[in-house]
Amino acid sequence: MNAPLHPVSTQFTTADLADPGERTRIEGFVRELGGSLFQRPAWLAAVEAGTGQRASGIVAEKLGAVIGWLPLSVVHSPLFGRALISSGFGVGGGALAEESSVAEGLCQSAQELAQRSSISTVEVRGGVIPSGWRSWSDRHANFAADLAQDDEAQLAWIPRKQRAEVRKSLQGNLTVTTGRDEAERAAHYAIYAESVHNLGTPVFPRALFDAMLDAFPDSSDILTVHSPQGPVASVLSFYHRETVMPYWGGGTFAARALRANERMYYELMLHARRRGMTRFDFGRSKTGSGPYNYKKNWGFEPEPLTYGLWSAPGMEARDLDPTDASYSAKIALWKKLPLPLANAIGPFISRGLA
């Protein structure tokens, strides 16, 4: 059979995510290809609702059918500049397509969109990285493992030293709740805000967490650990493709002595299995950092994450690495701010971090 004289070419267009039909069509494509939570239009929409960073993306089509998708958050920040991020506030993202040539075309289209929009940076967190872009796989690692078959097996799976810490947490006077109501949301945000302040990081807007819980009503919840004095540790988790993802979590100053974080993550493993999950995704950590080593202590093996970056000629790319020496003084200063003041101004800063 002779090849057609005019082969059908792939069309790359900017998605109209304000159109419910377009969102539904792309959600179906992400589901069909087994995409990540961060590639779903619902994630982008929640980011927009919670931070104001606009949801966008590039669609690849052939004969009217979607064959590729690149989710994008259009980030504007007076402090950190403008960028296209795939995906905003996500540890993953990147182009989703069966063919690598289509994935590269999506990234190139994002580069062209950035140039037309006077945006200096495009960052993709996973997937194909086009030639000519900067890429790295030594800065961050992800940690994930299968869940055990029952509670005792899950405890036995944890390495000996960490298992001893979990056992001590189980003997303490702690209780655990799960839910999505206002009380759970308020407790989680107060704990999370205190936790990130202690690390020298501005807290995200509470509106972001509310938007995420509302966007994923059947696949997100909050688990909180309580001492007799009140809530001490809390985590907001997502459930996607039989995997639980503890995403935004932390503990108060008192949590460490109570081993409340150990109780929190162990209880989440059990809770997730009862929800039908088979895998625990402990999330991303900076290579060699404290959280990186903490997750290894739990028995998780690091899996390097590959990210890619394009920056306009002559322009400096965004650098939001908190371990960079240029941030050390800012982090030290932020830790000294009174917590109410840090919570008041932090969200205005963190909206631009994405």
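# Notebook: a walk through a predicted chain

**Entry 1: the whole chain**

I began with burial: 51% of the 354 residues of the chain count as buried. For my own reference, buried means under 20% relative accessible area, exposed means over 50%, and partly exposed lies in between (1.4 Å probe, protein chains only). I noted that this is a predicted model, where local features need pLDDT of at least 70 and side-chain atom pairs count only at pLDDT 80 or more, while totals for chains, interfaces and linings use all residues. Residues are numbered from 1 along each chain as its sequence is written, and side-chain values use heavy atoms, with hydrogens and water left out.

Next I looked up the elements, and the chain has 12 helices and 15 strands. Helices (H or I, at least four residues) and strands (E, at least two) are DSSP runs, numbered from the N terminus. The radius of gyration is 21 Å, close to the 20 Å of the globule rule for 354 residues, so the chain is as compact as a globular protein of that length. That radius is taken over C-alpha atoms, and the globule rule is 2.2 Å times the number of residues to the power 0.38. I also wrote down the span of the C-alpha trace along its principal axes, about 75 × 50 × 35 Å.

The exposed surface comes to about 16,600 Å², and carbon and sulfur atoms supply 52% of it. Such areas come from the Shrake-Rupley method with a 1.4 Å probe; for residues, only the protein chains shown count as cover. Then I checked contacts, where contact means heavy atoms within 4.5 Å. Among contacts between residues at least 6 apart in sequence, 71% join residues at least 24 apart.

**Entry 2: the seven-strand sheet**

In what order do the strands of the open sheet run? I read E9-E10-E11-E12-E13-E8-E14, seven strands with mixed pairing. Strands E9 (175–179) and E14 (302–304) are the edges, since each pairs on one side only. Two strands pair if DSSP finds at least two bridges between them. From one strand to the next, the twist averages 30 degrees.

Asp146 has Arg279 as its bridge partner in E13.

Helix H7 (residues 206–215) packs on this sheet and touches E10, E11 and strand E12 (243–251), with a direction at about 125 degrees to that of E10. Helix H9 (residues 260–274) packs on the sheet too, touching E9, E10, E11, E12 and E13, and its direction makes about 35 degrees with that of E11. Axes here are lines fitted to C-alpha atoms, for helices over the stretch in contact, and angles run from 0 to 180 degrees between N-to-C directions.

I zoomed in on Ser234, found in strand E11 (residues 230–240). Why does Ser234 count as buried? Its relative accessibility is 1%, and therefore Ser234 counts as buried. Its side chain makes a polar contact of 2.9 Å with the side chain of Thr224. A polar contact is a pair of N or O atoms within 3.5 Å; within protein, one must be able to donate a hydrogen and the other to accept it, and residues adjacent in sequence count only if both atoms are side-chain atoms. A polar atom of the Ser234 side chain also lies 3.4 Å from the backbone oxygen of Leu223. Leaving out residues up to four places away in sequence, Ser234 touches several residues, including His188, Trp248 and Met264.

Asp221 was my next stop, in strand E10 (residues 220–227). Asp221 counts as buried because its relative accessibility is 5%. Which side chains does the side chain of Asp221 meet in polar contacts? One is that of His271, at 2.8 Å, and another is that of Arg275, at 3.3 Å.

**Entry 3: another set of strands**

Further back in the chain, I found strands E3 (residues 65–77) and E4 (residues 81–86) paired antiparallel over five bridges. A hairpin of three residues joins E3 to E4, and His76 stands opposite Arg82 in E4. E4 also pairs with strand E6 (residues 121–124), this time in the parallel sense, over four bridges.

Last, I looked up Ala97 in strand E5 (residues 96–97). Is Ala97 buried or partly exposed? Ala97 is partly exposed, because its relative accessible area is 21%. The C-alpha atoms of Ala97 and Glu262 are separated by 38 Å.
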